[in-house]
Amino acid sequence: MDHFLYRDGALYAEDVAISDIAEAVGTPFYVYSTATLLRHFRLFDEALAGMEHLVCYAMKANSNQAVLKTLAQAGAGMDVVSGGEYRRARAAGVPGDRIVFSGVGKTREEIRTALEGGIRQFNVESEPEMVVLDAVAQELGRVAPITIRVNPDVDAKTHAKIATGKSENKFGIPIARAREVYALAAQMPGLQVIGIDVHIGSQLTDLAPFELAYQKVAELTEELRADGHQITRLDLGGGLGIPYERSNADPPLPSDYGALVKRTLGHLGCEIEIEPGRLIAGNAGLLISEVIYVKSGEGREFLILDGAMNDLIRPAMYDAYHDIIPVIEAAPGIEPQPIDIVGPVCESGDTFAKQRPMPPLHAGDLVAFRSAGAYGAVMASEYNSRPLVPEVLVKGDQFAVIRQRPTFDEMINRDTIPEWL
Ligand SMILES: *Cc1c(COP(=O)(O)O)cnc(C)c1O
């Protein structure tokens with residue numbers, strides 16, 4: 001559920017008309033709903049009620065400072081995957097003891113930043129990383145709390161580019177080697193083993209792969225405890241999918257997921273951490289774009305928008321589907337006609353949808369891409385020297401620009417000219 005609904009035929013974000021924001025900000029832009037962000041965070045929080053837990057929002061999905069602050073004030077922790085994200089989380093007011101650090105390639109510098117600034121735990125992904133973490137922690141006279149990310153060799157049944165839990169993926173340590181690696185970690189004075197971490201992929205629309213992975217984590221917990229390790233925390237990753245295509249979707253709910261966590265891991269008495277990103281931010285955002293031209297090709301019509309692949313890369317990168325709806329609802333009884341929906345960038349990959357049934361649209365009309373709040377603005381670029389797409393946050397009847405569109409001068413002046421030119 002989200003808070004983007006039609007009122008008298010006009011699309012609203014909470015109590016603000018999308019067309020009013022478009023007038024103030026210009027298109028294209030992202031718009032997020034505070035109520036939707038909070039609702040999704042609370043669904044997870046409630047799904048784990050009865051177990052000691054922390055919901056660590058995977059901020060790579062949408063790391064705007066205002067989004068982070070909204071969630072942090074509601075009690076969310078953060079899952080970060082870079083020194084930049086760590087700094088963003090701290091800048092948004094998240095204390096170090098609510099930040100977990102994931103990722104396969106943490107540098108010494110990033111590790112130092114997190115150790116000095118305070119960190120809940122590092123999710124360690126390899127033995128070489130363990131060695132470096134131990135060394136940096138000892139240099140600083142600290143002890144780094146760690147979980148080790150295990151790769152359970154489970155097929156997440158999602159798009160190949162976002163599956164992370166098969167043995168051929170670069171993530172984690174093969175679960176079969178976990179006891180050996182935990183034994184090594186236990187001997188490193190700069191590390192304190194506190195738990196296990198697993199994250200098998202993103203946009204999972206079936207609970208079965210989670211169940212397989214979590215059963216393996218439960219078994220491993222017992223084995224590691226028998227080996228003498230203190231396993232008190234289980235980080236279960238993120239990955240729960242959202243219904244991008246509303247007409248044919250019925251994905252599992254956070255409450256189903258919470259029940260699964262209790263069933264598979266509840267008996268172990270561990271503190272549970274989860275790292276949802278997409279499910280919190282995805283349906284809390286729209287990308288709004290204006291129709292520039294309607295062009296007739298040979299046996300094909302094209303809707304050419306002012307938004308492009310540089311603003312929302314998911315269709316080009318993951319073959320992703322986004323519902324695209326008119327901001328002013330079509331009159332009842334009008335038959336949708338198939339049309340290709342494209343951006344102005346000079347690549348055929350800059351196609352959002354092919355032969356998508358749409359009501360008749362004209363130059364100047366606005367359309368909204370649904371489910372664009374996660375992996376949208378954060379992946380945007382200035383390709384084709386298109387200004388970085390701005391972001392807007394709505395709360396009730398208020399809205400605010402939370403990232404400005406840069407001016408062309410700002411864009412150009414970021415480059416510097418060597419003195420020989
Ligand atoms: C990307 C990622 C997540 C979030 O995944 P979603 O599908 O957005 O929920 C969580 N944990 C880790 C380690 C990740 O890399």
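Two strands are taken to pair if DSSP finds at least two bridges between them. Helices (H or I, at least four residues) and strands (E, at least two) are DSSP runs, numbered from the N terminus. The structure described here is a predicted model, in which local features need pLDDT of at least 70 and side-chain atom pairs count only at pLDDT 80 or more, while totals for chains, interfaces and linings use all residues. Residues are numbered from 1 along each chain as its sequence is written, and side-chain values use heavy atoms, with hydrogens and water left out.

Strand β20 (391–395) takes part in pairings with β4 and with β21. The hairpin of β20 and β21 has two residues between the strands, and in this hairpin Gly396 takes a positive phi near 60°. The strands β20 and β21 (residues 398–403) run antiparallel and are joined by five bridges; Val401 in β21 is the bridge partner of Val392. With β4 (29–33), the pairing of β20 is parallel and extends over four bridges. Here Val392 stands opposite Val31. Four of the five residues of β20 are buried, where buried means under 20% relative accessible area, exposed over 50%, and partly exposed in between (1.4 Å probe, protein chains only).

The loop between β19 (366–369) and β20 contains Asn384. Although Asn384 is not a glycine, its phi is positive, at about 70°. Asn384 is partly exposed, with a relative accessible area of 34%. The loop between α1 (18–25) and β4 contains Pro28, and the peptide bond from Thr27 to Pro28 is cis, with omega near -5°.

A second hairpin is formed by β14 and β15, again with two residues between the strands, and Gly299 in it takes a positive phi near 65°. Strand β14 (residues 285–297) pairs with β15 (residues 300–305) in the antiparallel sense over six bridges. Glu301 in β15 is the bridge partner of Ser296. Strand β15 also pairs with β17 (residues 337–342), in the parallel sense and over three bridges, with Ile304 opposite Val342.

Strand β11 (residues 191–197) is mostly covered, six of its seven residues being buried. Parallel pairing links β11 to β9 (residues 144–151) over six bridges and to β12 (residues 233–235) over three bridges. Asp197 is the bridge partner of Arg149, and Asp235 in β12 is the bridge partner of Asp197. Between β11 and β12 the chain passes through helix α8 (residues 208–226), and this β-α-β crossover is right-handed. A crossover is called right-handed if, with the strands pointing away from the viewer, the path from the first strand over the helix to the second runs clockwise.

An open sheet of three strands has the order β1-β2-β3, with antiparallel pairing. Strands β1 and β3 stand at the edges, each with a single partner strand, so one side of each is left without a neighbour in the sheet. Two bridges join β2 and β3, and Tyr12 has Ala17 in β3 as its bridge partner. Glu14 lies in the loop between β2 (10–13) and β3 (16–17). Its phi is positive, at about 50°, although Glu14 is not a glycine. Glu14 counts as buried, at 11% relative accessibility.

Asp2 is found in the segment before β1 (4–7). Asp2 is buried, with a relative accessible area of 7%. The side chain of Asp2 makes a polar contact with the side chain of Arg370 (3.0 Å) and reaches the backbone nitrogen of Phe4 at 2.9 Å. A polar contact is a pair of N or O atoms within 3.5 Å; within protein, one must be able to donate a hydrogen and the other to accept it, and residues adjacent in sequence count only if both atoms are side-chain atoms. Apart from neighbours within four places in sequence, Asp2 is in contact (heavy atoms within 4.5 Å) with Thr36, Arg246, Asn283 and Arg370.
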